[in-house]
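Subject: Structure handover

Hello,

Here is the structure for your work. My notes on what turned up follow below it.

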Amino acid sequence: MAVDLLLGLQWGDEGKGKIVDVLTQGYDIIARFQGGPNAGHTLEFNGIKHVLHTIPSGIFHPTSINIIGNGVVIDPIIFKKEIDGLAPYNVPLKDNLLISRKAHLILPTHRLLDAASEASKGKAKIGSTLKGIGPTYMDKTGRNGLRVGDIELDDFEVRYRNLTDKHQEMLANYKVDIQYNLKELEAEFFEAVKVLKGFQLIDSEEYLYQALKQGKKILAEGAQGSLLDIDFGTYPFVTSSNTTAAGACTGLGVAPRSIGEVIGIFKAYTTRVGSGPFPTELFDEAGETMTQVGREFGATTGRRRRCGWLDLVALKYAVQVSGVTQLVMMKADVLSGFDTLKVCTSYLYKGKEIKHLPYNIEEQNVTPVYTELKGWHQNLTDIKDYAQLPKELTDYVDFLEKELEVPIKVVSVGPDRTQTITR
Ligand code: GDP
Ligand code: IMO
Ligand code: MG
């Protein structure tokens, strides 16, 4: 028995939430393995849209168990808001949601440190979601962090105070003025910690080990995307966790040999929110069309997502780093209406044509080389069958498959659960 992975292959927001929700019926357990509330995973069904930040996207299927793994960082305040938001939907959260004791906690001061760090960087800022992700993972690797399991300890408040005091000293060292009322933030935090305590806190690596032994089917849900990976992304404009396949092993405690299918998900074009290089970014009408038709505004921060053509050099790299075995292509419907579609198939790098992602893909180093394909004009959103898709789209899919050497098994033609075409 194996753990399958679902990973974003670009700069996040590929549509992971939608596809995890669609795939959940084939799995017993859905487990998030990294990231935190920087994620915004959107699900749409029965005319309702849900955005999940910390809770895995299998939560709406009453028979699936959802695990927040040790690699995730949890902000109790945002977690409580998410729980409150689910109240009208009678989701059996107390039974179906399990949380690793080893997951790290985002404290109010982590968010303040994130804000101070970004402000002090000025123009060079990462464009973080300001959810405290970087500082929390820094405390984890610096061996100072607080974990979910700590809230069960008698001296949790003492541990909290020690770390918060240290954070306040750090904040005072920044040359930027961050206004905050710690008393208010703390009251909210401790109220939310009480809510968190009411959930099943588990040793999730043991739970998953036993589940695998019993033959349960497990899907690991990634957050962010491969190009935001702390090691393999466009550093320093990345997030602070491993978003690629290896992250699922450390973020859940499952062994590499237990990994089965690696499902990679990408948009039919490319988007990026926040700062950092983006070789195929468009600043013209085509980019604006993608933003408007694709409603490319962040699910977590509401920020406008930068848009551009599909970058196969970057996508191939992501496929390679994670050993992707099957692909899912999202938002094909957004490309309806273009006469011609461009796909970046190589880079001109320091005067040479290359097909791999170099160390630095800053604009001054890299010029995308495009292959043009014919577009289509039909509206795709009501199509249910692969055979009914316009020939230009199936040609587009065939072209990508050939370049990427991995089969594209699913094409998504709209945000709803039902707008998903399996081949
Ligand atoms: P995630 O972070 O990877 O889960 O993706 P987000 O939820 O942040 O962003 C994806 C956005 O695209 C959401 O608003 C989805 O509702 C929407 N979406 C997903 N699949 C499709 C699709 O095939 N077509 C269109 N038009 N929208 C889609
Ligand atoms: P999902 O799971 C898109 C981006 C931020 C910023 C950088 C670092 O919804 O795909 P951080 O707050 O992590 O320190 O920000 O990473 N980023 C995302 N972009 N989708 C996400 O998550 C993201 N999570 C972080 O915009 O550029
Ligand atoms: Mg998102």
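Which residue in S11 is the bridge partner of Val3? The partner is Ile259. Please keep in mind that the model is predicted.

That pair belongs to the contact between S1 and strand S11 (residues 259–267), where five bridges join the two strands and the run is parallel. Both strands are part of an open sheet of ten strands with mixed pairing, in the order S9-S7-S5-S2-S10-S1-S11-S15-S19-S20. The edges are formed by strand S9 (200–202) and strand S20 (420–422); each has a single partner strand, so one side of each has no neighbour in the sheet. On average, and ignoring direction, neighbouring strands are turned by 25° against each other.

Helix H9 (residues 245–252) lies across four of these strands, namely S1, S2, strand S10 (218–221) and S11. Relative to S1, helix H9 runs at about 125°.

Asp13 sits in the loop between strand S1 (3–8) and helix H1 (16–23), and Gly40 in the loop between strand S2 (29–32) and strand S3 (41–45), so the pair ties together parts 27 residues apart in sequence. Asp13 has 22% relative accessibility and therefore counts as partly exposed, since buried means under 20%. Gly40, with a relative accessible area of 9%, is buried.

Regards

Definitions and conventions
Residues numbered from 1 in each chain as written. Chains lettered and ligands numbered in written order. Predicted model: local features only at pLDDT ≥ 70, side-chain atom pairs only at ≥ 80, totals over all residues. Heavy atoms only, no water. Helix = DSSP H or I, 4+ residues; strand = E, 2+ residues; numbered from the N terminus. Buried < 20%, exposed > 50% of the residue type's maximum accessible area, 1.4 Å probe, protein only. Pairing = 2+ DSSP bridges. Axes fitted to C-alpha atoms, helices over the stretch in contact; angles between N-to-C directions. Contact = heavy atoms within 4.5 Å.
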